[in-house]
Amino acid sequence: MLWDAFLKRVADAHDLFEEDERQAFLVRFNERNLPRSDIQVAQDLNISEVTLQRRLGKGVYTHLVTSCPQLNTDKKGKFKIVRDWLKKGYILCQGDGKGGIKETAFPHPSPIANHLYVERPPIESRCHQTLLEPGALIRIKAPRQMGKTELMAKLLNSAQQQGYHRVYLNLCKPEESVVQDLDQFLRWFCISISRQLQKPLQLQDYWDMDLSSNDNCSAYFQDYLLAQIDRPLVLGLDTVDRLFAHLPIAQDFFGMLRAWHEDSKIIDNWKKLRLIVSHSTEAYIPLDINHSPFNVGVMIPLPEFTAEQVTELAQKHGQVLSQADINLLMNWVGGHPGLIKKALVELQTLGTMTLTQLLNEAATDSGIYGNYLRKIWQELQENPALITALKKVVDANNDVELASKLAYQLESLGIVHLTRNKVTIRCELYRDYFGYRLANFGEGS
């Protein structure tokens, strides 16, 4: 495997990063750039040295610390730490023989460092209790950046500490061609899980061309993977929303998960499997009610942070915010964990800037949320009906009733609160940014 291809695999394996941060990682650690200085690499990217260092510090090193604990330090030299860690991993992964990253070289990361996690009682205790039950199924449902992945990581870490096997799969990872073909997707699914469990691949012994792909996958799990282990397996499936755009695949795959959950009530091997599934929304996906995993198990909706939880998160990021700052931040972004964390990381990185200064341009393309807001706007423009619906919400002083599909789609984007079919804009950040965009829509927006 070439070095650049290896870097991309590492980025994918750790769910790295925002677009700018991913680019900073791939360019800074490009083989030819390893001996070069930050200022030279920054010039290649047409950004300042300070901007490059900020993207590496707040995004890249923060994500990698879960697999490279040496980064958990206040000392300088993090570039060298990552460079040496990557070189060791590159040498190890060459021994895979299949061009893949060996699990022993890069253990699958917890998607967030535990020391930054803020609990939302009683959610965690309820989930821990549920995972003790044979055949458990937990569905974590919340809009983007509300902490679904972080909660899943917390549960997987706890499962490992309890002696359970754990596997984490992000369904955003397989290539588009893979998720368009059920047989390819289920093969990827089985291979990925086998490797994380460090079990030899035995697909050829369980993939019968005369049976359906679902039957083959189920047989591989029941008669091989689950039969090989004597402890429960907690399987975390993140961002299953990826499959919603491929309805035939979604119907078969989710129907299979539902069947596994039902089989756990009767068949011993299936009792070992405990599923955690995260998703943003599913209500407008036409799945047979009797073959859907979204109406069984324990559903865990994630609420916004309270002021006390925002204070705790700030302290974990080395920030002591006054009550006035807490109120200001929550007035702008509500209790949205992802948006709050973004502001705290920026404050930590920039040092001398106040929260008021940071938020002055928050609702603009040049502000701290610029990339995030532009991505949502691009998605909205792909669906004119959503543009019309959002304008109705932004212009209203009270809640607005929308068609169910539109309401759920806006909620899954994270920009509205939804109670039944009544929606309100989530926070002032969205009202200001999208209000401006909608007012100028059609004029080059």
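Visitor: Let's start with helix pairs. At what angle do α6 and α7 pack?

Guide: First, a reminder that this model is predicted. Helix α6 covers residues 123-131 and helix α7 covers residues 148-161. They pack at an angle of about 45 degrees, with their axes 11 Å apart. That makes α6 oblique to α7.

Visitor: And which hand is the crossing of α6 and α7, left or right?

Guide: It is right-handed for α6 and α7.

Visitor: Which residues meet there?

Guide: From α6, they are Ile123, Glu124, Cys127, His128 and Leu131. From α7, they are Leu151, Leu155 and Ser158. By class, this contact of α6 with α7 has five nonpolar residues, two polar and one charged.

Visitor: Next pair. How do α14 and α15 cross?

Guide: Helix α14 is residues 307-316, and helix α15 is residues 323-333. Their axes cross at roughly 110 degrees and come within 10 Å. So α14 is roughly perpendicular to α15.

Visitor: What holds the contact list for α14 and α15?

Guide: Ala307, Val310 and Thr311 of α14 meet Ile326, Leu329 and Met330 of α15. Five of these residues are nonpolar, one is polar and none is charged.

Visitor: One more pair: where do α18 and α21 stand, in angle and distance?

Guide: The axes of α18 (residues 370-381) and α21 (residues 428-439) come within 12 Å. They cross at roughly 50 degrees. That makes α18 oblique to α21. The crossing of α18 and α21 is right-handed.

Visitor: Which side chains belong to that contact of α18 and α21?

Guide: I can list residues. On α18 they are Tyr372, Leu373, Arg374, Ile376, Trp377 and Leu380. On α21 they are Leu429, Tyr430, Tyr433, Phe434, Arg437 and Leu438. By class, this contact of α18 with α21 has 10 nonpolar, no polar and two charged residues.

Visitor: Now the cores. Which residues touch the most other members in the largest nonpolar core?

Guide: Leu380, Ile415, Leu429, Tyr430 and Phe434 do, out of 51 residues in that core. Helix α19 (residues 384-395) gives the largest share, six residues.

Visitor: Loops next. Is Gly414 buried or exposed?

Guide: Gly414 is buried, because its relative accessible area is 0% and the cut-off for buried is under 20%. Its place is the loop between α20 (404-412) and β7 (416-419).

Visitor: What does Gly414 touch?

Guide: Setting aside neighbours within four places in sequence, Gly414 is in contact with Pro143, Arg426 and Tyr430. The C-alpha atoms of Gly414 and Gln145 are separated by 8.1 Å, and the two residues are 269 residues apart along the chain.

Visitor: And Ser264, buried or exposed?

Guide: Ser264 is buried, with a relative accessible area of 6%. It lies in the loop between α12 (247-263) and α13 (268-271). Beyond neighbours within four places in sequence, Ser264 contacts Pro134, Gly135, Trp270 and Lys271.

Visitor: How many Å separate Ser264 and Lys148?

Guide: They are 25 Å apart, C-alpha to C-alpha, and 116 residues apart in sequence.

Visitor: Last topic, backbone. What is phi of Asn46?

Guide: Near 60 degrees, a positive value in a residue other than glycine. Most residues other than glycine have a negative phi. Asn46 is in the loop between α3 (38-45) and α4 (49-64). Asn46 counts as exposed, at 71% relative accessibility.

Visitor: And what about phi of Gln198?

Guide: Phi of Gln198 is near 55 degrees, also positive. Gln198 lies in the loop between α9 (182-196) and α10 (203-206). Gln198 is exposed, with a relative accessible area of 55%.

Methods. Residues numbered from 1 in each chain as written. Predicted model: local features only at pLDDT ≥ 70, side-chain atom pairs only at ≥ 80, totals over all residues. Heavy atoms only, no water. Axes fitted to C-alpha atoms, helices over the stretch in contact; angles between N-to-C directions. Helix = DSSP H or I, 4+ residues; strand = E, 2+ residues; numbered from the N terminus. Parallel < 35°, antiparallel > 145°, perpendicular 65-115°, else oblique. Left-handed = near helix turned anticlockwise from the far one by under 90°. Contact = heavy atoms within 4.5 Å. Nonpolar A, V, L, I, M, F, W, Y, C, P; charged D, E, K, R; others polar. Core = buried A, V, L, I, M, F, W, Y, C linked by side-chain atoms within 4.5 Å. Buried < 20%, exposed > 50% of the residue type's maximum accessible area, 1.4 Å probe, protein only.
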